[in-house]
Amino acid sequence: MLVAGFCGGLFWDATPAAISLGALGGGALGLTLWLFWDDWRASLLIDWLRRLQNAPDTPPPSRLSGVWRMTAERLLRLLRQQRQQEKRFSRRLDDIRDALHASPNGVIMLNGAGRIRWLNHSACRHFGLDETRDIAQTVTHLLRDPVFIAYYARRDFSRGITVDSPLATPGRPLRLTVRIYPYGKKSLLILSQDATAIERNEIMRRDFVANVSHELRTPLTVLSGFIETLQTLPIDEDERRDCLARMARHAGRMQNLIGDLLALSRLEASPPPDSGEWTPVRTLFSACAAEARALSAVAAKVSGAAQPHEIVFPSEAELDAEIAGSADELQSAFINLISNAVRYTPLGGRIEIRWTPTLEGGAAFVVQDSGPGIAPEHIPRLTERFYRVDSGRSSESGGTGLGLSIVKHALQRHDARLEIDSAPGAGARFAAIFPAKRIRPI
Ligand SMILES: Nc1ncnc2c1ncn2[C@@H]1O[C@H](COP(=O)(O)OP(=O)(O)OP(=O)(O)O)[C@@H](O)[C@H]1O
Ligand SMILES: [Mg+2]
């Protein structure tokens, strides 16, 4: 451009002063033209940058050249890098958010003013909140439990609290442990955990210990009473024999209780029975038959009754099947059901044991008795530990109330279920129902 100006000067005038003036003028013209051209390129760049906002992949205009093109390409590279980084961050954030949503614990994030910034699905389930509606709401307007309000106001978050969920009903209790953790400048994190099962287990554990102590205390008190009698009182031979017989009965009760407790804990602690071990049903039934007759004979002898129970077993031909699982556990479950029938059916009554195929292709072990039957309100609770319909009568006959919980446990371990049908005065029917996969013909 300077060269063009200089040439212009040459033709315009010939004197040196005129030449330099001409060169200057030409240079100024060239510079102006260059500035216009540069400005035009800058406007191309700005226009392209504007278009980039809506269409991030728009390439730089082909008319852009020189340092402006290099700037545009550099900018494009930087923008691409930034976009990739943003994508990575947003993927990571989504990941963290999804993980927090998957957590069984409730998470609520509060800003410094105590307003909800974010909350996960479990927090909504725990407190009956809504993930979109409740954002930016003041937390104490939504969580109204007085224990929580006091905890929040106290600002001492060194330990947590336990509250009832607002969604809890008598039929569906929901206890929550809640703890607040301060973070950042003034933000707070509320964590909640469903403690219903933990509390229920704790109550069960306490009840269990209380029940065991109670069951052991009764025979122990009686035993120590008799020991004192024997030690201190002058008693004759008949009284001594009577004393010892009673002591033996109570010691037996304690033995039964400990035996049942051990059986229960073995069932709970041991691995599931091997489903590849098959036992002929006939073998189990013959052991059951011997036990049932022996139990009934003892009951008849103790009470001085003329006849034991009428006990009916299926014929051998009806038992041509095998059952998969632990023979010991199955035997113990079957004998428990039979011994209940013998224990609670008056002597002379009828007890029938059957083995019947089920519609689903499995089979059922059924014990039907003609005893006093059970009122409907007791039936759902019979398999609870230590539950007895008539605790006086049951413990008198040596019962600890653990038999049916052992049965239920043993059956569950064999994918089987216990069905109880009974009504007062109509006898009782206990059926252990096995699925098809546990039964095969011989
Ligand atoms: N065939 C039955 N007829 C009537 N009541 C029964 C029968 N079987 C069980 N029950 C009732 O169910 C209760 C629970 O039975 P479960 O076998 O668990 O305990 P238990 O017989 O009292 O003691 P054990 O631990 O010695 O078996 C019994 O106390 C009894 O009241
Ligand atoms: Mg029993």
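Colleague: Which residue in S12 is the bridge partner of Ala364?

Modeller: Ile433 in S12 is the bridge partner of Ala364. Keep in mind that this is a predicted model: local features need pLDDT of at least 70, side-chain atom pairs count only at pLDDT 80 or more, and totals for chains, interfaces and linings use all residues. Residues are numbered from 1 along each chain as its sequence is written, while chains are lettered from A and ligands numbered from 1 in the order in which they are written.

Colleague: What do the labels S and H stand for?

Modeller: Strands (E, at least two residues) and helices (H or I, at least four) are DSSP runs, numbered from the N terminus.

Colleague: How many bridges pair S10 and S12?

Modeller: Seven bridges, in the antiparallel sense, between S10 (residues 363–369) and S12 (residues 428–434). Two strands pair if DSSP finds at least two bridges between them.

Colleague: What is the strand order in the five-strand sheet?

Modeller: S7-S9-S10-S12-S11, an open sheet with mixed pairing. S7 (310–312) and S11 (417–422) are the edge strands, each pairing on one side only. The twist averages 15° from one strand to the next.

Colleague: Which strands does H10 lie across?

Modeller: H10 (residues 327–344) lies across S9 (350–357), S10 and S12. H10 runs at about 20° to S10. Axes are lines fitted to C-alpha atoms, for helices over the stretch in contact, and angles run from 0 to 180 degrees between N-to-C directions.

Colleague: Why is Ala431 called partly exposed?

Modeller: Because 19 other C-beta atoms lie within 10 Å of Ala431. A residue is buried with 20 or more other C-beta atoms within 10 Å of its own, exposed with 12 or fewer, and partly exposed in between; C-beta atoms are placed from the backbone.

Colleague: Now H12. How many of its residues are buried?

Modeller: Eight of the ten residues in H12 (403–412) are buried. Gly403, Leu404, Ile406 and Lys408 are among them.

Colleague: What covers those?

Modeller: The cover over the buried residues of H12 includes H8 (237–269), H10, S11 and S12.

Colleague: Ligand next. Which residues come nearest to ligand 1?

Modeller: Arg388, Val389, Gly399, Gly403 and Leu404, out of 20 residues around ligand 1. To be near, a residue needs its C-beta atom, placed from the backbone, within 6 Å. H10 and H12 are the elements that give two or more residues to the shell. H10 gives the most, with three.

Colleague: What about the three-strand sheet, which strands stand at the edges?

Modeller: The open, antiparallel sheet runs S6-S8-S13. S6 (278–280) and S13 (439–441) each have a single partner strand, so one side of each is left without a neighbour in the sheet. The twist averages 30° from one strand to the next. H9 (residues 281–303) packs on this sheet, touching S6 and S8, at about 55° to S6.

Colleague: Last one. Where are the domain bounds?

Modeller: Domain 1 is 2–89, domain 2 is 103–194, domain 3 is 201–270 and domain 4 is 273–441. The bounds come from an automatic or database domain assignment. The centres of domain 2 and domain 3, taken over C-alpha atoms, are 49 Å apart.

Notes
Two residues are in contact if their C-beta atoms, placed from the backbone, lie within 7 Å.
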